[in-house]
Amino acid sequence: MSYTIKQVADLTGLSEATLRYYDKEGLFPYMERKSSGYRLFSEKELEQIRYIECFKTAGFEIKDIKEYFDLIAEGDGTLEKRLQIMKDHRKVIENRMAELEKSIRLVDKKIDYYTRAVEKGTAVGITMASD
C-alpha cells in the first residue's frame, strides 16, 4: 500500500514540511514517486519515520540518522559500527535521564514547598526540603 504525503502527515502527526525535509536530507532513499513527482510513501517509509522520531527523541541529529541509515544500506560489513552507534547513544540517553531525574526531584521539592505554603496561607516561615 502507498500513501500520499498528506496521509502520512495525518498518520504520524508530522507536518508535510517535516516529511519533505526528511526526504530532502536523504532519509527515504527508496521512496517511489509518481510520474508527476509526488511522493509515494510505503510501509517501509512509515517504519523509517518511527525510527527517525525515536532517534530524534534520543538526541540523534538528522545527519546521525542519515549516517545510520546509510550504514544499514551498506550491509553486514557495518554491523559493528552500528552496534557502537547504538551503545554510544544509549549512554547519551542515560545521561539525559539522570539530568531529568534531578529536575524532577527539584520540581517535587517546589511542589512540596508550595503545597505547605498554600495550606498555611503564606510562604513566610516555609523552607524548602533538602536532600
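How many residues has H3, and what distance does H3 reach from its first C-alpha to its last? In this predicted model, local features need pLDDT of at least 70 and side-chain atom pairs pLDDT 80 or more, whereas totals for chains, interfaces and linings use all residues. Residues are numbered from 1 along each chain, and side-chain values use heavy atoms, without hydrogens and water.

H3 (43-57), a DSSP run (H or I, at least four residues), comprises 15 residues and reaches 21 Å, close to the 21 Å expected at 1.5 Å a residue, the expectation being 1.5 Å times one less than the number of residues. At its start, a side-chain oxygen of Ser42 comes to within 3.1 Å of the backbone nitrogen of Lys44. Gly59, with a positive phi near 100°, follows H3.

Buried residues (under 20% relative accessible area, 1.4 Å probe, protein chains only) of H3 include Glu45, Ile49 and Phe55. Gln48, also in H3, is buried at a relative accessible area of 10%. A polar atom of the Gln48 side chain lies 3.0 Å from the backbone oxygen of Leu27. Beyond neighbours within four places in sequence, Gln48 is in contact (heavy atoms within 4.5 Å) with Leu27, Phe28, Pro29 and Phe69.

H3 and H4 (62-74) each supply at least two lining residues.

Conventions. Buried means under 20% relative accessible area, exposed over 50%, partly exposed in between (1.4 Å probe, protein chains only). A polar contact is a pair of N or O atoms within 3.5 Å; within protein, one must be able to donate a hydrogen and the other to accept it, and residues adjacent in sequence count only if both atoms are side-chain atoms.
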